[in-house]
Amino acid sequence: MDLTAAVSGKQGKSPIKWYLLKHLNPLFDPKNSRIKNLVYYLYRSDLILQNLMEGESLSVKKEETLKGIFSLEEINAFLDAIDLDEDNGARDRAIFELAYSSGLRIGELLALNLSDLDLTERILKINQGKGNKDRFVPFSTTAATFIKHYIETERQTTLRDLKRDPGDALFLSNYGRLSKYPLYKRFRKTLETINMKKKYLTLHSIRHTTATTYSKPEPMSAMFKNC
């Protein structure tokens with residue numbers, strides 16, 4: 001079975017739905033734990049953004065199926081709580097706005113270069129992303145505004161103070177290309193600022209929030225109702 005084709009989205013349908021309809025439909029049974037666990041694995045592995053198993057029982061512990069996801073109100077409160085006047089506030093607001101509007105993985109965001117960014121068309125080029133494939137990803141006007149602000153202010157200051165050349169890296173720290181840990185610290189600090197106590201929230205929660213706030217996943221059993 002070709003999982004690469006299933007997650008590529010080239011078939012014109014929801015990629016996972018296309019895969020299930022093409023390969024698994026003859027075997028489908030709402031109680032078939034193998035199929036349920038396949039979709040669960042794809043979701044947990046970040047191969048799909050939407051939890052198509054929502055509302056279905058799984059043969060795994062309940063705690064393992066949970067992912068923290070912001071509501072629309074919560075993600076807006078989180079983003080607005082990042083103070084642009086704090087150290088690295090403009091940079092971190094730009095990153096999180098971009099993460100939310102694009103659905104990119106944190107590693108992909110941190111690997112971005114200036115040359116990957118087209119602010120006019122609002123398009124990012126992701127070089128050798130997951131699956132070792134280049135792709136182009138759109139982002140919002142809001143994200144573009146904060147990225148432009150960061151490039152024209154904080155990035156210029158950080159670049160001037162650096163003792164070594166960071167190359168073309170878009171997001172910088174005092175040591176060169178930004179790493180994940182400072183971003184993790186900002187994430188936890190901002191959650192504390194807005195008194196957010198929801199369980200299971202991680203940096204990846206922003207990416208999964210992108211999917212749930214833009215569209216609601218169709219329950220898996222509904223896909224096969226009329227097949």
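**View 1. Surroundings of S102 in the predicted model.** S102 touches V137 and P138, where residues up to four places away in sequence are not counted and touching means contact, that is, heavy atoms within 4.5 Å. The C-alpha atoms of S102 and F139 are separated by 5.1 Å, and these two residues are 37 residues apart along the chain. S102 belongs to helix 5. Helices (H or I, at least four residues) and strands (E, at least two) are DSSP runs, numbered from the N terminus. Because its relative accessibility is 14%, S102 counts as buried (buried is under 20% relative accessible area, exposed over 50%, partly exposed in between, with a 1.4 Å probe and protein chains only). This is a predicted model, in which local features need pLDDT of at least 70 and side-chain atom pairs count only at pLDDT 80 or more, whereas totals for chains, interfaces and linings use all residues. Residues are numbered from 1 along each chain as its sequence is written, and side-chain values use heavy atoms, with hydrogens and water left out.

**View 2. Packing of helix 5 against helix 9.** Helix 5 (residues 89-102) and helix 9 (residues 180-193) have axes 11 Å apart and pack at an angle of about 85°. Axes are lines fitted to C-alpha atoms, for helices over the stretch in contact, and angles run from 0 to 180 degrees between N-to-C directions. Helix 5 and helix 9 are therefore roughly perpendicular to each other (angles under 35 degrees count as roughly parallel, over 145 as roughly antiparallel, 65 to 115 as roughly perpendicular and the rest as oblique). On the side of helix 5 the contact involves G89, R91, D92, I95 and F96, which meet P182, L183, R186 and F187 of helix 9. The residues of this contact comprise five nonpolar, one polar and three charged. Ala, Val, Leu, Ile, Met, Phe, Trp, Tyr, Cys and Pro count as nonpolar, Asp, Glu, Lys and Arg as charged, and the others, Gly among them, as polar.

**View 3. Contact of helix 7 with helix 8.** The axes of helix 7 (residues 141-152) and helix 8 cross at roughly 35° and come within 3 Å. Helix 7 contributes Y150, I151 and E152 to the contact, and helix 8 contributes E154, R155 and Q156. Two of the residues in this contact are nonpolar, one is polar and three are charged.
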